[in-house]
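Please examine the sequence and the structure before reading each solution.

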Amino acid sequence: MDEKLFQIGAVAERVDLSLRTIRFYDEAGIVVPSARSAGGFRLYTETDIDRLIQVKAMKPLGFTLEETRELMELRDRLNGGEELTRLEQAVLADYSERADAKFRKRQRQLADARHLTDALRREAAAVNHEPDPD
């Protein structure tokens, strides 16, 4: 294997996940490291790291562990050149629609949070007799 391998600590720092979370994803079979060192340490490739980033992106969308596993398996097969059955295509389309709806919901929540943050900043400035920060 000529591909560069990364130890779990470097991976955790790079993807901003805890060692515990990365180990959990390995044990759950969602992101299994491509190699192990002679001492048994997990070693990750760039592909493994990309997969961790994808799995991390699913968490705020509220996908369960099982849904994450299923979706990643479908994507692996699709990206590996396999043809999905009609049922699998429908499942993938459903995930896409659900992810989009959950993303839109998060966008609305963030907009609400931004509105509150702006209001609090203005109120704090007024209390401190500072000029309006906007």
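**Exercise 1.** In the crossing where α1 passes α3, is the hand right or left?

*Solution.* The model under study is predicted. Step one is to locate the elements: helix α1 spans residues 8-15 and helix α3 spans residues 46-58. Their axes come within 11 Å and cross at roughly 45°. Because an angle under 35 degrees would count as roughly parallel and one of 65 to 115 as roughly perpendicular, α1 is classed as oblique to α3. As to hand, α1 passes α3 in a right-handed crossing.

**Exercise 2.** Which residues make the contact of α1 with α3, and how many of each class are there?

*Solution.* From α1, the residues are Val11, Arg14 and Val15. From α3, they are Glu46, Ile49, Leu52, Ile53 and Lys56. Sorted by class, this contact has 5 nonpolar and 3 charged residues, with no polar ones.

**Exercise 3.** Describe how α3 and helix α4 cross, and state which residues make their contact.

*Solution.* Helix α4 covers residues 65-79, and its axis and that of α3 come within 11 Å. The crossing angle is roughly 135°. Because only angles over 145 count as roughly antiparallel, α3 is again described as oblique, here to α4. The crossing of these two helices, α3 and α4, is right-handed.

The contact is made on the α3 side by Arg51, Gln54, Val55 and Met58. On the α4 side, Glu67, Thr68, Leu71, Met72, Arg75 and Asp76 take part. The contact of α3 with α4 has 4 nonpolar, 2 polar and 4 charged residues.

Technical notes
Residues numbered from 1 in each chain as written. Predicted model: local features only at pLDDT ≥ 70, side-chain atom pairs only at ≥ 80, totals over all residues. Heavy atoms only, no water. Axes fitted to C-alpha atoms, helices over the stretch in contact; angles between N-to-C directions. Helix = DSSP H or I, 4+ residues; strand = E, 2+ residues; numbered from the N terminus. Left-handed = near helix turned anticlockwise from the far one by under 90°. Contact = heavy atoms within 4.5 Å. Nonpolar A, V, L, I, M, F, W, Y, C, P; charged D, E, K, R; others polar.
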